[in-house]
Amino acid sequence: MTATARSAKDTAQAELHLRMLRQMLLVRRFEEKTAEAYALGKIGGFCHLYIGQEAVGVGALAALRDDDYVICSYREHGQALIKGISANAVMAELFGKATGCSKGKGGSMHLFDAKRGFMGGHGIVGGHLPLGAGLAFASKYKGSDQVSLCFFGEAAVNIGAFHETLNMASVWKLPVIFLCENNRYGMGTAFERVAAVTDIVEHACSYDMAAELVDGMNVLTVYEATRRAVERARKQSHPTLLEVRTYRFMGHSMSDPLHGVYRTKDEVEEQKARDPITHLAGKLKEDGVIDQAALDAMDAEIHAEVEAAVKFADESPDPDPAELFTDVLVD
Amino acid sequence: MATLTYRDALNQALREEMQRDPSVFLMGEEVGVYQGAYKVSRGLLEEFGPQRVVDTPIAELGFAGIGVGAAMGGLRPVIEFMTWNFAVLALDQIVNSAAKMLYMSGGQIPMPIVFRGPNGAALQLSSQHSQAWESWVAHMPGLKVVAPATPADAKGLLKSAIRDNNPVIVLEGEMLYNVKGDVPDGEHVVPIGRADIKREGSDVTLVCHSKTVTVALKAAEQLAQDNISAEVLDLRSIRPLDEAAILESVKKTNRAIVVEEGWPHAGIGAQIVDIIQRDAFDDLDAPVQRVTQADVPMPYNKHLERAAKPSPEKVVAAARRVLYLDT
């Protein structure tokens, strides 16, 4: 490799890393604002924050093409933002406004942007796993090389849909990536209390599927593992199971405590010391890609973007009352 | 016009729609190599290949959901359940994914999918394999539900279902597959939401659908011997319901009986009675009667089974009640 080629590669890599840092910060600041707005009663219902898990969504989506499909559980604000839905449209949806990405009909758990291949947040644990495989089925049927990336929590591994779907995805060789975000707790139940096999990655053996165990607090390892899975899906049309070990710094939803009966404050603090944003920022400073002043400027810019999103959502109109009866059926 | 069985009429609809639109595919248990548990998909694997006629494992929830995902990806899946008794395992996908996708996405994701399979009581299959699911699926906004009674309607409604851009539940009568009838060749499409008078009459309206159309026609035959003229109104679609046709017939006959294979509690008949009492109250000469499956799980013993099912005799008895002939 020539010096110029190396330097071009380094530049591209630095740009990628900066983009991932920015995306993680955006998700973090967005979710912090979401918590504030929820406390103020601007957001209703169930609301599940992504704080602590940002490296998973950001690293994985960095490995995708724009036209690839992403489908998620109800903890999907982060992935929606990273897939390119504006902070305005996501926040407005959380506020239930007409300008939201689902016109105020979906809310926190059902963010959608079909044009961007963001095929939703889905509210029934494990229910969207077959949908992820079905999107891959459609790609393969049409002869396109779009892949489908399906995020779910570790608690979904105990549900029948997980096993049925992995089996069929493997039998039919579907270009899908099952990305399990193992944050250790299904609401307040530690995974090891309810799962006979606690290394989720081992389930891949039952379905003759490629699999990787990934450190979810390191955005770069998530990116690399997902890249390999995407390659496998796009080139060979083979599915992959990724177990990405992560941790949520917040409660299961906004109505839950950070810790308490099911996990200790010490455990949460210990995990917060592994903050994926601090980790990447530290590395990029070490590499000389960013300095503190630039990081502060990036953070200030994101703050402003998120503030603007809150203002936009707040000032947006509620859906027209006639919207109650639209979108039930296509005419 | 050819004489076909209900089974072959459905087969013709599937074949013609698959020829017409390459995005239509069939998926389910035994649909391919085995040629269909009820032979509805006979010959389709040979004509369209394994990519479009997809044999699945016994995993209703999983393959129904893969169908929904495929529809999200722009295809037009036809998901066959070996029977609706097994489809209940897939209800999460039908109810929470297919029926609500358009609404909760704010109109972004249409759901052109068909869920079909045999429904209703069969013969001596006992409790788990012999029941009618109409009221379960018709309860839900976001779904259309059809239940054809004749080979011609089976072909025409399945074609409409496949062409519809909404999720459509096609309830095929398990006891109707061998029934023969005239079926128009080629382009024969029956619009969803339109009832059909299968026999005209003036004294009492028998509202029915699917298998109970046969029951009502036999009852009408018996009633005719006593000079009672019964109108047999086949709903064909359960959702949307042809309310205008129901009201028009009741306004003519002033008496109605609803006949269904489902249980009475929260059944389809309850919905129809509600429409009639609300919008044709002044036209009624007697309270509307219902003939339903007995409010028990289906028994195995054939005498008990017969006693549990709607029958022409039960319909005749109900007709005599609304005509005050047995008081």
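Q: Which residues of α9(A) are buried?

A: A residue is buried if 20 or more other C-beta atoms lie within 10 Å of its own, exposed if 12 or fewer, and partly exposed in between, with C-beta atoms placed from the backbone. In α9(A), the buried residues are A:Val219, A:Val222, A:Tyr223, A:Ala225, A:Thr226, A:Ala229, A:Val230 and A:Ala233. An α-helix has 3.6 residues a turn, so residues three or four places apart point the same way. This is a predicted model, in which local features need pLDDT of at least 70 and side-chain atom pairs count only at pLDDT 80 or more, whereas totals for chains, interfaces and linings use all residues. Residues are numbered from 1 along each chain as its sequence is written, while chains are lettered from A and ligands numbered from 1 in the order in which they are written.

Q: Against which elements do the buried residues of α9(A) pack?

A: Helices (H or I, at least four residues) and strands (E, at least two) are DSSP runs, numbered from the N terminus. Two residues are in contact if their C-beta atoms, placed from the backbone, lie within 7 Å. The buried residues of α9(A) pack against the helices α1 (3-39), α2 (54-61) and α11 (276-286) and the strands β4 (176-182), β7 (210-215) and β8 (240-245), in chain A.

Q: What span does helix α9 of chain A reach, and what follows the helix?

A: The expected span of a helix is 1.5 Å times one less than its number of residues. Helix α9 of chain A covers residues 219-236, 18 residues, and reaches 25 Å from its first C-alpha to its last, close to the expected 26 Å. A:Ser237 follows α9(A) and has a positive phi, near 55°.

Q: How is chain A described as a whole?

A: The radius of gyration is taken over C-alpha atoms, and the globule rule is 2.2 Å times the number of residues to the power 0.38. For the 331 residues of chain A, a compact globule would have a radius of gyration near 20 Å, and the chain agrees, with 20 Å. Chain A holds 12 helices and 8 strands. Its C-alpha atoms fill a box of roughly 55 × 50 × 45 Å along the principal axes. Buried residues account for 50% of the 331 residues in chain A. Of the contacts in chain A between residues at least 6 apart in sequence, 75% join residues at least 24 apart.

Q: At what angle do the axes of α6(A) and α3(B) cross?

A: Two packed helices are described by the angle between their axes and the distance between the axes. Axes are lines fitted to C-alpha atoms, for helices over the stretch in contact, and angles run from 0 to 180 degrees between N-to-C directions. The axes of helix α6 (residues 160-171) of chain A and helix α3 (residues 60-72) of chain B cross at roughly 65° and come within 8 Å. α6(A) is therefore roughly perpendicular to α3(B), a term for angles of 65 to 115 degrees. The contact involves A:Gly160, A:Ala161, A:Glu164, A:Thr165 and A:Met168 of α6(A), and B:Leu61, B:Gly62, B:Phe63, B:Gly65 and B:Ile66 of α3(B).

Q: How many residues of chain B are in contact with chain A, and which element of chain B gives the most?

A: In chain B, 34 residues are in contact with 32 residues of chain A. The elements of chain B that give two or more residues to this side are α3, α5 (91-98) and α6 (101-104). α3(B) gives the most, with 10 residues. B:Asn96, in helix α5 of chain B, touches A:Ile124 and A:Gly127, not counting residues up to four places away in sequence. B:Asn96 counts as partly exposed because it has 19 C-beta neighbours inside 10 Å.

Q: Where in chain B do B:Gln35 and B:Pro240 lie?

A: B:Gln35 lies in the loop between β2 (24-28) and α2 (44-48) of chain B. Phi of B:Gln35 is positive, near 75°, in a residue other than glycine. B:Pro240 is found in the loop between β12 (237-239) and α10 (243-253) of chain B. A cis peptide bond joins B:Arg239 and B:Pro240, with omega about 0°.

Q: How many residues of α8(B) are buried?

A: In α8(B), 12 of the 13 residues are buried, and the helix is mostly covered. Among them are B:Pro151, B:Asp153, B:Lys155 and B:Lys159. Helix α8 of chain B (residues 151-163) reaches 19 Å from its first C-alpha to its last, close to the 18 Å expected.

Technical notes:
Angles under 35 degrees count as roughly parallel, over 145 as roughly antiparallel, 65 to 115 as roughly perpendicular and the rest as oblique.
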